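My entries follow in the order I made them.

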Amino acid sequence: MRLALLGCGTVGSEVVRLLHAQSADLAARIGAPLEIAGIAVRRFGRDRGDLPVDPALFTTDPLSLIKSDDVDVVVEMVGGIEPARTWLVEALRAGKSVVTANKALLAEDGGALHDAAAEGGADLYYEASVAGAIPLLRPLRESLHGDRINRVTGIVNGTTNFILSAMDATGAGFAEALEEATELGYAEADPTADVEGFDAAAKAAILASLAFHTRVGAADVHREGITEVTASDMASAKAMGCTIKLLCIAARGVDPQGGETVSVRVHPAMIPLSHPLASVGDAFNAVFVEAEAAGQLMFYGRGAGGAPTASAVLGDVVAVARNRLAGARAASESAYADLSVRPMGEALTRYHISLDVADRPGVLAAVAGVFARHDVSIATVRQGSAEAGSGRSEDADLVIVTHVAPDAALAATVGELRGLDTVRSVTSVLRVEGAV
């Protein structure tokens with residue numbers, strides 16, 4: 001079985017090493033040896049260490065490599081939308097199986113890849129696109145295919161999980177925790193894709209598409225990052241027996257007409273320490289699946305890094321190679337449900353709201369009136385004096401946790417609170433997941 005590798009960076013070089021180190025075992029598992037037909041790179045001359053590969057295999061012409069009759073499987077590890085989309089559509093339409101780790105492309109235009117795979121009768125596998133080495137996507141599309149999944153909640157970005165875990169453990173602010181993550185190599189020089197939630201949103205779209213048999217794109221995912229999470233938020237979470245995580249949440253719902261929907265969102269949220277995801281620390285990933293028959297399942301492990309991601313890539317390579325030898329093809333995309341994606345404003349959520357208010361009679365009644373006008377029920381209220389030394393002796397701190405309500409109603413409540421003359425400031429707004 002001949003492989004065309006597109007990209008030879010962190011993941012691609014690990015794939016090459018594993019192909020070399022495990023060649024005999026891989027051949028035995030597949031029924032035929034795996035051979036590299038070529039490796040497409042952006043430029044020659046880059047130091048690639050001691051890669052066990054013939055330098056003559058490198059090329060800067062990926063399309064010629066893909067079109068070669070000598071190629072059975074295309075493995076894409078370049079990332080980005082273009083030119084990766086053009087390359088993979090070309091390969092799939094030509095009947096060549098594709099293995100990719102490209103979460104951005106799958107979330108942006110996965111439909112084009114699935115359509116090309118159907119047209120060419122080829123396999124499209126992408127286990128490595130979400131949660132690295134954790135076996136997750138194949139269980140969703142195969143092992144749980146006979147079940148009904150109602151909700152998927154996950155920590156799918158190691159950088160943000162490391163930052164939030166560090167803030168929780170040390171009391172540091174966001175900037176200090178990000179600096180530590182950068183020094184340790186967990187955060188990129190430009191961490192925007194991670195800390196603003198773009199990476200997690202792409203993965204949420206892929207998970208929702210598989211779990212609910214519906215095409216969900218990145219544009220369908222409500223996205224918020226962690227840059228506004230403060231040390232004070234972490235302290236408030238601890239006081240409630242919670243911690244804060246950046247969660248991707250995909251859940252079934254019902255619209256006002258009774259039709260079934262799906263909502264997909266990524267945002268920081270408080271979760272109780274009793275929740276299985278609360279103990280997921282450092283740069284680890286975990287995904288919590290709730291299904292009707294199987295119940296609650298959790299998948300946990302390293303969600304990034306060259307070697308873990310390469311492990312997932314090779315798992316897919318073995319699967320598609322076996323299929324080609326057998327003259328078979330994996331099950332095609334399952335998007336029959338075609339559920340409508342519910343806008344964030346209609347999603348049912350809970351808020352934790354911290355207010356700095358004037359400490360005088362009638363303030364709590366005025367605040368409660370705002371919630372009542374938006375039909376938002378209050379679960380708990382905690383009031384305390386202003387922090388010592390803050391110079392706000394006539395102010396008080398008010399913390400309110402709501403019951404579940406449409407997110408639009410909760411957001412409107414916060415908006416009106418900001419304009420209330422007895423509210424000095426809304427110091428923090430966080431969503432709450434799970435019973436607290």
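I took helices (H or I, at least four residues) and strands (E, at least two) as DSSP runs, numbered from the N terminus. The model is predicted, so I kept to the source's limits: local features need pLDDT of at least 70, side-chain atom pairs count only at pLDDT 80 or more, and totals for chains, interfaces and linings use all residues. Residues are numbered from 1 along each chain as its sequence is written, and side-chain values use heavy atoms, with hydrogens and water left out.

Entry 1, backbone.
Most residues other than glycine have a negative phi, and most peptide bonds are trans. I found a cis peptide bond between Glu-82 and Pro-83, with omega about 10°. Pro-83 sits in the loop that runs from strand E4 (73–76) to helix H4 (84–93).

I then noted Ala-131, a residue other than glycine with a positive phi, near 65°. Ala-131 is in the loop between strand E6 (124–125) and helix H6 (137–143). For burial I used relative accessible area: under 20% is buried, over 50% exposed, and in between partly exposed (1.4 Å probe, protein chains only). Ala-131 counts as buried because its relative accessibility is 1%.

Asp-282 also has a positive phi, near 55°. I placed Asp-282 in the loop between strand E10 (260–272) and strand E11 (284–291). Its relative accessible area is 30%, so Asp-282 is partly exposed.

Side chains of opposite charge can pair when their charged atoms come close. I counted a salt bridge where a side-chain nitrogen of Lys or Arg is within 4 Å of a carboxyl oxygen of Asp or Glu. How many salt bridges does this rule give? The count comes to 23.

I checked Arg-2 against two partners. Glu-35 forms a salt bridge with Arg-2, and their closest N and O atoms are 3.1 Å apart. This pair links distant parts of the chain, with Glu-35 in strand E2 (residues 35–40) and Arg-2 in strand E1 (residues 2–6), 33 residues apart. Asp-70 also meets Arg-2 in a salt bridge, at 2.6 Å from N to O. I read relative accessibilities of 22% for Arg-2, 40% for Glu-35 and 38% for Asp-70. Arg-2 is partly exposed, as are Glu-35 and Asp-70.

Next I took Arg-215, which forms a salt bridge with Glu-333, the closest N and O atoms being 2.8 Å apart. Arg-215 lies in the loop between helix H10 (198–212) and strand E8 (222–223) and Glu-333 in the loop between H12 and E13, so the pair ties together parts 118 residues apart in sequence. Arg-215 is partly exposed at 39% relative accessibility, and Glu-333 is partly exposed at 30%.

I also noted a network of salt bridges that links Arg-148, Arg-252, Glu-260 and Glu-292.

I listed contacts (heavy atoms within 4.5 Å) for two residues. Is Ser-354 buried or exposed? Ser-354 is buried, because its relative accessibility is 7%. Ser-354 belongs to strand E14 (residues 348–358). Leaving out residues up to four places away in sequence, I found that Ser-354 touches Ser-236, Leu-398, Val-399, Ser-425, Val-426, Thr-427 and Ser-428.

Ala-330 is in the loop between helix H12 (306–326) and strand E13 (340–341). Ala-330 counts as buried at 18% relative accessibility.

Which residues form the negative surface patch? I found Glu-176, Glu-179, Glu-180 and Glu-183. A patch like this is made of residues with over 30% relative accessible area and no salt bridge, like charges being joined within 9 Å. Glu-179 lies in helix H8 (residues 174–183) and is partly exposed, with a relative accessible area of 49%.

Technical notes: Patch = residues over 30% accessible without salt bridge, like charges linked within 9 Å, V, L, I, M, F, W, Y side chains within 5 Å. Areas by Shrake-Rupley, 256 points an atom, 1.4 Å probe, with all protein chains shown as cover. Lys, Arg positive; Asp, Glu negative; His and termini not counted. Charge placed at Lys NZ, Arg CZ, Asp CG, Glu CD.
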